[in-house]
Each structure stands twice: as structure tokens, then as C-alpha cells.
Amino acid sequence: MSMKEYFPIFENNPGLVYMDSTATSQKPRQVIDGVSEYLSHDYSNIHRWAYSLAERSEKMYVDSKKKVAEYIGAENWKEIIYSFNSTYASNLLVTSLRRSGYFQKGDKVLVSIVEHHANVVPWLILAEEVGVEVEYIRVHEDFSLDFEDLASKLDDRVKAVSLTHVSNVTGEIFDLERVNHLLSERYPPLTPPYQGGEENIPPLTRGRQGGGRPLFIVDASQSVPHMAVDVQKIGCDFLFFTWHKVMADSGIGVLWGKEALLSEMKPAFSWGGAISWVKKTCFKEAPLPDRFEPGTPNLSGAMSLLKAYEFIESIGGYPQIEAIEKELSEYFLQKFWEVSGVRLIGSTKSDSRVSVFSFIVDGVHSLDVADYLADHDICIRAGQHCAEPFMGELWVHHTCRASLYIYNTREDIDRFFEVLEQAILELK
Ligand SMILES: Cc1ncc(COP(=O)(O)O)c(C=O)c1O
């Protein structure tokens, strides 16, 4: 069975060439049927149940979190918090940190220049509300992270370093283990004596103890779809991603954080299931992870992500995804160099990137190229890709972006380049 055959969208849209998986991925039959089965047989609300239907539903919900924890190397499934998507997860994190009093006026937050707005705007809101400064780390000409620039910006005012793992524009994979190494060197563990003893310093206040290490936050929205991601290897404190890009349904995202940090934090929102008890004048927040999940969660979304993991396992796991994409990337780049009048905004190497290709056609607006391809049933995206600070830096106001996933084939790539060449001839 070819990979494409697992995805009903292609059977229902013959001839479709889908190259917009960075925006969202298509869903395999296993996910579609799994959600339908759950809704038909086991659906009910979770928490405070006394009947077996709800027990089954709760088990599925917890099992899905255990699966996420296993895959990303979390120590405990209670460290897995569900949100609606990455954007909600990052807002939940930043707002919860603010409510916990972690940031003060004059603190600094470092992000890279290529960040998606989801990892920029919550920090800009924090800047507005608290007076923190947001600084941008540059990238080199080959789009890798500029470590010298990062090192030069790491001073005692830095309270958080928040970086994407993979750029949704360039496809470049950032070396986050090296970032962790740099942070550990620059901010060695605090040494005693502390007032009251080290054990009395709550983890969240580490950054305020003069030289304490800033929080290291990772946006893994574009890495989890393509590669194995392990929070212990990366050495981060928080990580978030969104499931509609990993073959599950839309409306479910993950925020992972170290248990010691999450249990110290005041959640951004508190009601419904996030509460242990409420009296007329006060309330107590629920323990982890429920305290960060107010109201009824996206239950079928949780089932869809469980099924997406089962699908990934059934095709050979992440090693297989990586192998398929590497081959596709090499083929795409090989064909790309044969076209004249196009410029790649991304690494020319296939080993430091995922299969996301942004490019510009000289003298033609990217939207016109995307429209032309759309008329031939080829789906790509054109615009600023929710990364306007980066686009501004490049003096590029729009690019075309073709993004591949495991269901793409060499035939898709051939068709794409055939029509792209026609577009260049006709539109120039
Ligand atoms: C790097 C990155 N971060 C965050 C997001 C936001 O994801 P969502 O729209 O699911 O919140 C995206 C979406 O394209 C992304 O590419």
C-alpha cells in the first residue's frame, strides 16, 4: 500500500497535489475512523465519573497524555497540558508566568528573528503589560541560529529564551542542544549560601536570584511533525506544539513543562475542571495537570492524537518519517536547482532542514504563483507565513512556500516543477 492510500483526501480528490502541510497536515484513515469509533462507542465527559462510559473516556484521555509523555521524553504524563493549539499554548504559558509574578519591568526575553507570531505576540503583550524588553537573535546567511549573537545577549536581565525548533519559513532545524549548553555555561548553578537555604528557592524564581538560568522555552510546532523530539535531550523547561500538523484533528495542542515549574505556577485561567473547590469568596486550583485545563477539554482531539501516534507507529515510527522526508527533500532540491529565476529562502542542505521550501520567483508576486498552481490543483501557500519580523528583516514581503509530508511523492514534485516552469513563462 502506498503512503498516499492511507489518506482518504487523495482518493476523494484525484489529481490533488497537496504541498501545504506546514499549514496543516492531511489525516490518515486510522485517525478519522478512530475518532468516529470513539464518538460512536465511548464518548462521554471526563472527571468525576461514576459510570463505565465515562471511565473509558477518561482512560482514553489519560492514555493519550501518556503517549505524548513517552514520545517527547517527559518524566510524567501529568506534565502534559492540552490546549487548543500552539498559539493558545504559548499564550497560556506566558500569561501563567506573568500571573505567577515571574517577570519584572526591565527583564529581557530573547526570541529568534524567524519566530512564528505565536512565539512573538504573547511576549509583546508582556512587554506592554509588564515592561519587559523583547530582543531578537539573528540568523546567519545560511539561516542557522547566530550563536555569537545569542551569547552576546545573554546577560543577567534575561529571564526567558524562547526559540522555535524548526522555522516554518526556512525549514531550518535550530541546534537547541547547543543553546542549552550555552545557557548552562553562561548561568552555572547558583552557589550557596542562599538566604534560607537553596531548597527554599522555588524553581520559578531561579531567574531572579542573580545569575540564575533563564527559562528555556521551545516552540516545537514544526519539529514534532517531522522528527523525534526529546525534551530531556534538548534540556528545555517548556515546549509546545500543535496536533493538526501531525495528522490529528485541529483544536488540540500540547504545552509541556517541568512538573516542579508547572506546580509553582498560577494558571492563566481557572474555572471548571481546573478547580479543586470553590467557596463564596475563594477557591483552590486543582492539582496538575487539570489546573491548566479549564472546562471540558477537546476529547475527540485527544483521541485523534492517540490515533495519530498509533498510525506513526504502524508505518515504522519517526525513523521512517525522517527517511521518507529526507529522500523527498533531496529530490525537491535537485529539481529546484534546474529552474532559473527562482530564489530559495532556506538552507541548500537537506540534512539541517525539514521538507519546507520557501522561495521567490524573480519579478512575479508570490500570490500570483500560488494562484497559478492552485488552478492546476497544486496547493502551496504564499504570503508572510505569520513571520513578519523575519520577512521585514529579509526585505522580502512575501514568499511561496511548498511544504511536503510523508504522503507526497516524486510524481507530486515532478508535477509541481512542471507547472511552476509554466507559471514562470506565463507570468513574467
Ligand atoms: C513554528 C510555528 N509556531 C506556531 C504555529 C501556530 O500553530 P497553531 O496555528 O496551531 O496555533 C505555527 C503554525 O503554522 C508554526 O509554524
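Which residue follows helix 5, and is its phi positive or negative? Select G131 to find out: G131 comes after helix 5, and its phi is positive, near 90 degrees. Keep in mind throughout that this is a predicted model.

**Stop 1: helix 5**

**Stop 2: T164 in strand 5**

Stay with strand 5 and select T164, which is found there. Is T164 buried or exposed? T164 is buried, with a relative accessible area of 5%. Buried here means under 20%.

Next, show the side chain of T164. It reaches the backbone oxygen of V166 at 2.9 Å. Then look beyond the neighbours within four places in sequence. There T164 is in contact with V114, E115, N119, F174, L176 and D219.

**Stop 3: salt bridges**

How many salt bridges does a search of the whole structure find? The search finds 24. Here are some to visit.

Select R29 and E11. Their side chains meet in a salt bridge, 3.3 Å from N to O. R29 lies in helix 2 (residues 29-41) and E11 lies in helix 1 (residues 8-12), so this pair ties together parts that are 18 residues apart in sequence. R29 is partly exposed, with a relative accessible area of 36%. E11 counts as exposed, at 58%.

Now select R381 and D20. Their side chains also meet in a salt bridge, at 2.8 Å from N to O. R381 is in strand 14 (residues 381-383), while D20 is in the loop between strand 1 (17-18) and helix 2, so the pair ties together parts that are 361 residues apart in sequence. Is D20 buried or exposed? D20 counts as buried, at 6% relative accessibility. R381 counts as partly exposed, at 39%.

Move on to helix 6, residues 147-153. Select D149 and K153. They form a salt bridge, and the closest N and O atoms are 2.8 Å apart. D149 and K153 are four residues apart in helix 6, so about one helical turn separates them. D149 counts as buried, at 6% relative accessibility. K153 counts as buried too, at 16%.

R138, D146, D149 and K153 are linked in a network of salt bridges.

**Stop 4: the nonpolar cores**

Hide the charged side chains and turn to the nonpolar residues. The largest nonpolar core has 110 residues. Which residues have the most contacts inside this core? Select L239, W243, I406 and F416. Helix 10 (residues 299-314) gives the most to this core, with nine residues. The core draws at least three residues from each of two domains: domain 1 (3-19 + 317-427) and domain 2 (32-312).

Centre the view on I406. Leave aside its neighbours within four places in sequence. I406 is then in contact with M3, F7, M247, F311, I315, I321 and I324.

**Stop 5: Q422 in helix 14**

For the last stop, show helix 14, residues 410-427. Select Q422, which is found in this helix. Q422 is partly exposed, with a relative accessible area of 29%.

Which residues does Q422 touch, not counting residues up to four places away in sequence? It touches Y372 and H376. The side chain of Q422 also makes a polar contact with the side chain of Y372, at 3.4 Å.

Q422 and N85 are 37 Å apart in space, and 337 residues apart in sequence.

Technical notes. Residues are numbered from 1 along each chain as its sequence is written. This is a predicted model: local features need pLDDT of at least 70, side-chain atom pairs count only at pLDDT 80 or more; totals for chains, interfaces and linings use all residues. Side-chain values use heavy atoms; hydrogens and water are left out. Helices (H or I, at least four residues) and strands (E, at least two) are DSSP runs, numbered from the N terminus. A salt bridge is a side-chain nitrogen of Lys or Arg within 4 Å of a carboxyl oxygen of Asp or Glu. Buried means under 20% relative accessible area, exposed over 50%, partly exposed in between (1.4 Å probe, protein chains only). Contact means heavy atoms within 4.5 Å. A polar contact is a pair of N or O atoms within 3.5 Å; within protein, one must be able to donate a hydrogen and the other to accept it, and residues adjacent in sequence count only if both atoms are side-chain atoms. A nonpolar core is a set of buried Ala, Val, Leu, Ile, Met, Phe, Trp, Tyr and Cys residues joined through side-chain atoms within 4.5 Å. Domain bounds come from an automatic or database domain assignment.
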